[in-house]
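Take a moment to look over the chain from one end to the other. Then follow the text with the model open beside you.

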Amino acid sequence: MQRCIELAKKGLGYTAPNPLVASVVVHHNTIIGEGFHRKYGEAHAEANAIHAVEEKSLLAESTIYVNLEPCSHFGKTPPCADLIIKSGIKKVVIGCVDPFAQVAGRGIARLRNHGCDVTVGVLKPQNLELNKRFFTFHEKKRPYIILKWAQTTDGFIDTLRTPASGENPLRISGNLALSLVHKWRSEESAIIVGTNTALADNPRLNVRYWTGTHPVRIVVDKKLTLPAHLRIFDKEQNTYVLNESVNQNEHNLNRVKLPFIDEKIEMNSLLDFLHQAGIQSIIVEGGQKLLQDFIHTGNWDEARILVSPAFLGEGVMAPNLPFKNCSSTMIGIDRLVFCKNPANTYL
């Protein structure tokens, strides 16, 4: 099962909206086939593992391990439960039950009804962590929410500047941390920023310093005041502009009307929209006010804070997040502080 988890991670950033799944076929304590779900729309893990077994006669005496319940319905591919039954495998070990409504125990029942010996719950906590995005989306009906920012040691995320000043964004983190941030972007469905960040920083919000899929870009622009020349409007990535008045779709640029309370977007409506749009995970990259809104409403699952050794003395204060349930590690010159929201955990 641990091998399944290791293999499944290779699909991160490529399988959504499907989960991360890998499978291992074992004959008399020897792995004879393994595979993982590489990309949405392609073969599932169980099919890749079974097809990798060269001597098919061994399958009847083998055990198949899979970190998530095999599917029992026709989607982009045929049901994996049926393939296991057809292969002759009689022993199945599963990490955890699939929360997706079209599976949700049906795959396990189908296997058992056809004479398979099924064990469920092996390394369950690790498997829940592996597919935290998938489980959050289907069980909580919202995306998995990651807060991310960089700050100086004395707690500032930017200098005191205005969009009109023409000053470039403050570069806080080192090169290694910059590459890591782009890796994170490639692993999540979407990334969101507020109006001030889009205007002052003119970000691309893409994956330039890593190889992978660009996230969907989302910008909060209540009054639709952001100028059209900003990079976020280049139509090179699917982009949503959340505002209070207009629904309008163009190529890769979609204006979406949502309710606001004073200057803040109504959080429950935002989360409902993201769920309906099929966004399983999102990185909140700024600015300070938008990050604080997610923290204040408790709508976050983990926070990733890059703390540089620099001191500013004054500037824009970092969001106020109580540092609980946190750990840290060094990323080059920067310290990465990783926090989990104890109110939003499966473990």
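β18 and β19 form a hairpin, with two residues between them. In that turn sits G332, which has a positive phi of about 65 degrees. Strands here, like helices, are DSSP runs: E for strands, with at least two residues, and H or I for helices, with at least four, numbered from the N terminus. This is a predicted model, in which local features need pLDDT of at least 70 and side-chain atom pairs count only at pLDDT 80 or more, while totals for chains, interfaces and linings use all residues. Residues are numbered from 1 along each chain as its sequence is written, and side-chain values use heavy atoms, with hydrogens and water left out.

Stay with β19, residues 334–340. Five of its seven residues are buried, meaning under 20% relative accessible area with a 1.4 Å probe and protein chains only (exposed is over 50%, partly exposed in between). Strand β18 (residues 326–331) pairs with β19 in the antiparallel sense over six bridges; two strands pair if DSSP finds at least two bridges between them. Strands of a sheet pair through backbone hydrogen bonds, either parallel or antiparallel.

Now widen the view. Ten strands make an open sheet with mixed pairing, in the order β11-β12-β10-β9-β8-β15-β6-β16-β19-β18. Neighbouring strands are turned by 20 degrees against each other on average, direction ignored. Axes are lines fitted to C-alpha atoms, for helices over the stretch in contact, and angles between N-to-C directions run from 0 to 180 degrees. Within the sheet, β8 (residues 190–193) and β9 pair in the parallel sense over four bridges. I192 stands opposite I218 in β9.

Helix α7 (residues 175–187) touches β6, β8, β15, β16, β18 and β19; contact means heavy atoms within 4.5 Å. The direction of α7 makes about 140 degrees with that of β15. Helix α9 (residues 267–276) touches β6, β8, β9, β10, β12 and β15. Its direction makes about 155 degrees with that of β10. In α9, the buried residues are M267, S269, L270, L271, F273 and L274. After α9 comes G278, with a positive phi near 80 degrees.

What about the interior? The largest nonpolar core has 35 residues. Such a core is a set of buried Ala, Val, Leu, Ile, Met, Phe, Trp, Tyr and Cys residues joined through side-chain atoms within 4.5 Å. L147, W149, I218, L242 and F294 have the most contacts inside this core. Its largest share, five residues, comes from α9. Leaving aside neighbours within four places in sequence, L147 is in contact with residues including V284, L291, F294 and W300.

Finally, visit a loop. N206 lies between α8 and β9. Is N206 buried or exposed? N206 counts as buried because its relative accessibility is 10%. Apart from neighbours within four places in sequence, its contacts are H182, R185, H214, P215 and Q237.
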